[in-house]
Amino acid sequence: MKIINIAIDGPAAAGKSTISRRVAGRLNYMYIDTGAMYRSVTLYALNHGTEQMFDNLNRIDIRFKNEDSGNQRVLLNNEDVTEAIRSKEVTANVSKVASYEAVRTYLVNMQQQLADEKGIVMDGRDVGTTVLPDAELKIFMQASPKVRAERRLIEERERGNQVDLETLTKQIMERDEFDMSREISPLVQAEDAFLLDTSEMTIEEVESCIIKLALEKV
Ligand code: C5P
């Protein structure tokens with residue numbers, strides 16, 4: 001069977017990471033969460049200052065570690081930052097940090113290296129357009145802002161964060177607006193991407209749909 005790369009892009013909280021992780025598990029592929037990489041650089045900038053982040057960019061090491069349980073941990077310079085990169089502060093600052101050209105160049109290069117040997121499911125905002133323009137399967141995952149905010153609310157509450165639906169909806173829409181209007185690699189559907197609106201779909205339905213599309217390519 002041919003081994004392919006799968007690019008999954010879309011706005012915030014569209015369910016990309018949940019689905020990407022499941023699809024990768026089913027195909028025995030590796031899952032790469034590019035958002036976690038931008039979040040890690042943002043955490044570094046918050047801890048050390050933006051200037052130092054730029055000065056040390058090439059020494060910022062980001063790794064993914066798969067656990068036997070199926071969970072994935074994120075390591076920033078050998079420190080486990082899996083939970084820290086989901087903080088409110090990181091979420092509020094990540095789009096700004098992700099709009100810097102030097103940051104994008106550095107991370108896109110790292111992402112391309114990770115995908116070099118194929119067998120990757122990578123999710124983000126510019127995977128199908130910029131990181132892996134030759135990916136054999138590209139999905140652009142959409143869902144209504146209401147559905148996305150409701151899904152994110154459940155996740156945040158599970159993490160013990162008290163937030164309300166209105167604030168979350170506002171944050172999600174602001175982040176999308178910023179990501180769509182930035183100069184370099186804005187969030188946009190690749191011309192050859194399959195548009196999947198998951199508003200009315202269950203996780204299982206979305207997963208089956210992508211697996212079916214992937215099996216047509218292998
Ligand atoms: O996917 P997640 O919501 O964790 O991404 C956090 C932020 O990282 C996005 O809002 C976006 O600003 C940035 N990002 C990006 N390009 C990617 C992935 C994420 O600019 N490929």
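**Exercise 1. Find where Ala12 sits, and say whether Ala12 is buried or exposed.**

Step 1: Ala12 falls in the loop that joins β1 (5-9) to α1 (16-27); helices (H or I, at least four residues) and strands (E, at least two) are DSSP runs, numbered from the N terminus. This is a predicted model, where local features need pLDDT of at least 70, side-chain atom pairs count only at pLDDT 80 or more, and totals for chains, interfaces and linings use all residues. Residues are numbered from 1 along each chain as its sequence is written, and side-chain values use heavy atoms, with hydrogens and water left out.

Step 2: With a relative accessible area of 0%, Ala12 is buried (buried is under 20%, exposed over 50%, partly exposed in between; 1.4 Å probe, protein chains only).

Step 3: Beyond its neighbours within four places in sequence, Ala12 is in contact (heavy atoms within 4.5 Å) with Arg125, Arg148, Ile172, Arg175 and Asp176.

**Exercise 2. What does the UniProt record list for "binding site"?**

Solution: The unreviewed entry lists Gly10, Pro11, Ala12, Ala13, Ala14, Gly15, Lys16, Ser17 and Thr18. UniProt positions are given in the numbering used here, feature names are shortened, and annotations may be inferred rather than shown by experiment.
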